[in-house]
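Dear colleague,

I am passing on the structure below, together with some notes on what turned up in it. Please keep in mind while reading that this is a predicted model.

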Amino acid sequence: MHACAPLLQEPTSSGKINQDQEYPALLKGEKVSRKVKPDALLPAYHRAKITEVVEIPCEQRRYQNDDPQFVGRRYDAQSRICSEIVKETGVDINLTCSKTNTLTIVLTGQPDKVVAAKRSLIAELQQQESVKVVVPQEFHGFLIGKKGEKLRDLQSRTMTRIAIPPSRAADPNTIVISGPKQGIAEAEQFIKETVARQAQLGFERLDIPKIFHPFIFGPNGKTLEDIRTRTDTKINVPPPAVQGSVITITGKREGVIEAAAELQRIHEEAKLCKTIPVRVKRSQHRLVFGPRGSGLAEILGETGVSVELPTDPTSEEIILRGKPEDLGRALTMVYERAESSTAEEIHCPNRFHKLLIGKRGSALNELVSGYERVHIEFGEHQDKILLEGPPEEVGFVMERLKSRIAELEASVAMEKIRVDPKYFRHIVGRQGATILKWRENKVQIHLPSFEKGDHLAADEIVIEGDPQGVERTKREILQLVEKLENEKCKDVIIEPHVQHLLCTGYKGIPPPIRAVYDSFPKVSVIWPENQELDSRITTVDSPARSVVQLRGDRQQVDAAAERLQKLIKQVIEENHRQEIRIFKEFRPHIFGRGSAKIQKLLDDTKTRIQYPNPSDGSDVFTIIGREENVQQAIRQLEDLQKKLANVKEIIVSIPSELTTKFVGDQAPNLRSIREQCAGVHMRFVHPPQKHVRKGNQVEVVIIGPSEALNEAKKLLDQLNAKVAQLCAEVSNPPTHETSIYSQSYQ
């Protein structure tokens, strides 16, 4: 059963039950083995489900009236409650009733949902009771726990509700436990065990003034640790940095009493101590304090006198507290520690600090080798070094530092130059290439960095290192800045395929752009990144790929741009392209062994030839060069093919109005006719003009075998007739507008 049963039928006490029928034996099936494919996908992840069983005895059931007239209502209410819980938590609930009227509830679902459903079922289906337990208020905290965690855990485990009264209640010592009978018993037992266990423990709170805490701690905390060990207690004393005077003691009652008595004894003895103030220079207070308070601990351990340092940063007064006979000896130790060190200051430029420290402090360790008690402090953004330690050791270290500083001043030069921050990226270079090159001069270049808290001005650059290298680097940076200030940038729009032609040489001839490089050495030509230099590309996918930037001297940039425009025009003129079909059977005769014949033709006409891709199986070749030279080369190739085979040629005249339909050899209509008629080549007798006078004729040359030639002429005539008809319809007078439209739609 996967859901709550809406109605359960209880067995009657008089009727017999067939055990085999009501409680059938579980089937013992054989294990089913199946092969798992090694490459099978892992099953989808599903959260684990748990099953929990809850039993409610007959006498604790809320709906247990034996009157037959209430049986239906009882189970209706019970089923309604279960249905609501199933709907709310999504847990499967199965209810069964035994012969003794014990209600067994089986819950299946996700762990957190099962716990919630179990709590709701017990609260609704099991009789609830209440029990009062008297617990002294001082033990309430042990039952509640930190942020109420212990109380919530106890209520969850026992399925009860525990009400702990506040301290201002009329009866603050009475705790009320509500819930099922078994849960109440478990909760009551846990509370009594906790109270009994805590009753054996003691707690004491002592308020001892802060000035006496050093005597309780003892030297290095030994006195306090000794009391803790002997009494087996926990003693919490506020640390010196915390403003508090309350000391707490917890543990077994006997140990707490003993520890409290010991602390009170120390307090009473400390009250008899005398105090004397001593004036010591503020700079020497840390010498009296010592590393981690070792100086104070030493004085306290040897004399039993407490030394208090002032908390006011401007005060120089130190207070000594102890027995009168011990104060004199403690005062002597204070002065000895205060005068055991001297402080000196050395002038040193801030730029030498990191050189004196060295990598990971290696240079500084070498300087203080043998004089480890000397403390050296480098002033941040200051031109000084502070030394502190024994007088004789400070003197030796000071001499070493002065000698080292003199060496650095003689070998390390520094120059500051002001540069507009907009030129910093040029000084650094792409990926730091420029600045790394300058570092080869044995110098370091520091640019201002506000993120690192740099004290340099926003336009200040510092160069330090070898004197000669500093001068050379400074000169080169200033030259670069001067060049950048006189620099001009200009963009030139060049299509990508033209860029390819500018950057590509032919048969040992340098690329055309070399003329710009040689004529204008102070101008840099910046090409688009990731450009595809392919002469076959005639469209631009991105406008940025067509922008070529000229950067350099102002005067030369304008002249270079003008020269580049002329060069672009020249390159376009010298790379006119026109296709020609060379029949496969004629190629061996035309190209021949070593291609001498075709090479002579190309040399005579000053053109180049582009072969088709062998994988395409095409017989269309492309002639490249100046337009008049390309036309001459094509005519010579056509004449050559005519001599090699019975190839005919006809000339068809086309009205000038139709030239927009047949512009160049690349026109789609001519190409379509050429593809339909295999072996036919078509071209214009003269290159088409941009502006053709109306009424003139344009001649088209068709070359090929007789049959294909006739077919091509037929298709061309049909196309001419169709276009001529359309042009005639448009030129009719307005009075025939209706008839023209009707004719065109027929």
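Helix H3, which covers residues 111-125, has 15 residues and reaches 21 Å from its first C-alpha to its last, close to the 21 Å expected at 1.5 Å a residue. Val114, Ala117, Lys118, Leu121, Ile122 and Leu125 of H3 are buried, and because these buried residues fall within an arc of 130° when seen down the axis, they line one face of the helix. In general, an α-helix has 3.6 residues a turn, so residues three or four places apart point the same way.

S8 runs antiparallel to strand S9 (residues 246-252), to which four bridges join it, and isoleucine 235 stands opposite isoleucine 249 of S9.

Further along, three strands form an open, antiparallel sheet in the order S13-S15-S14. Strands S13 (342-347) and S14 (375-378) stand at its edges with a single partner strand each, so one side of each is left without a neighbour in the sheet. From one strand to the next, the twist averages 20°. Six bridges pair S13 with strand S15 (residues 384-389) in the antiparallel sense, and the bridge partner of threonine 342 is glycine 389 in S15. Helix H15 (residues 391-411) packs on this sheet, touching S13, S14 and S15, and its direction makes about 10° with that of S13.

Key:
Residues numbered from 1 in each chain as written. Predicted model: local features only at pLDDT ≥ 70, side-chain atom pairs only at ≥ 80, totals over all residues. Heavy atoms only, no water. Pairing = 2+ DSSP bridges. Helix = DSSP H or I, 4+ residues; strand = E, 2+ residues; numbered from the N terminus. Axes fitted to C-alpha atoms, helices over the stretch in contact; angles between N-to-C directions. Contact = heavy atoms within 4.5 Å. Expected span 1.5 Å × (residues − 1). Buried < 20%, exposed > 50% of the residue type's maximum accessible area, 1.4 Å probe, protein only. Arc of directions from axis to C-beta.
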